[in-house]
Amino acid sequence: MIKSIKFSSNYPKLHNQTEGRLVSVKIIDYSDLTKEIIEYDTKNIKGEYYPLPKTTLIHLTFIGNKLIPFCTIRRYTVQKYNYYRQSLHEYFSLDVTS
């Protein structure tokens, strides 16, 4: 069974892809993020921004089903990090909730 990753909105970075293969998992800190990556990661197609927590984060990189790479930044927990590390190179469906 394919795993799923949720997105609260449709984001331009997804390019209307429906699946992606997880190719990288990194722990990062909010203070290391540039203005450009924050905009890329958080701006949805309506021009609204999803607020990132200003703490330790997980940076995930995927190759989508249209072969367009994209990343997403998620809140860090040990459980989430271990889940994604164990899921490296697996496919995820992209579940856009709104």
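1. A word on terms to begin: helices (H or I, at least four residues) and strands (E, at least two) are DSSP runs, numbered from the N terminus. Serine 9 sits in the loop that links β1 and β2.

2. Please keep in mind that this is a predicted model, in which local features need pLDDT of at least 70, side-chain atom pairs count only at pLDDT 80 or more, and totals for chains, interfaces and linings use all residues. Residues are numbered from 1 along each chain as its sequence is written, and side-chain values use heavy atoms, leaving out hydrogens and water.

3. Back to serine 9: with a relative accessible area of 14%, serine 9 is buried (buried means under 20% relative accessible area, exposed over 50%, partly exposed in between, with a 1.4 Å probe and protein chains only). Its side chain makes a polar contact of 3.4 Å with the side chain of asparagine 44. By polar contact I mean a pair of N or O atoms within 3.5 Å; within protein, one must be able to donate a hydrogen and the other to accept it, and residues adjacent in sequence count only if both atoms are side-chain atoms. Not counting residues up to four places away in sequence, serine 9 touches Asn44, Val96 and Ser98, where contact is heavy atoms within 4.5 Å.

4. Although lysine 3 and tyrosine 91 are 88 residues apart along the chain, their C-alpha atoms are separated by 6.6 Å. The side chain of lysine 3 also makes a polar contact of 3.2 Å with that of glutamate 90. Neighbours within four places in sequence aside, the contacts of lysine 3 include Tyr83, Ser87 and Phe92.

5. Now the interior. A nonpolar core is a set of buried Ala, Val, Leu, Ile, Met, Phe, Trp, Tyr and Cys residues joined through side-chain atoms within 4.5 Å. The largest has 14 residues, of which Ile5, Phe7, Leu22, Val25, Leu60, Phe62 and Tyr84 touch the most other members. At least two residues of this core come from each of β1, β2 (19–29), β3 (56–64), α2 (78–86) and β5 (91–96), and β3 supplies the largest share, three residues. Another core, of five residues, lies apart from it and includes Ile28, Leu33, Leu52 and Ile73.

6. Finally, phenylalanine 7 has contacts well along the chain to follow up on screen: leaving aside neighbours within four places in sequence, its partners include Lys13, Leu14, Phe70, Leu94 and Val96.
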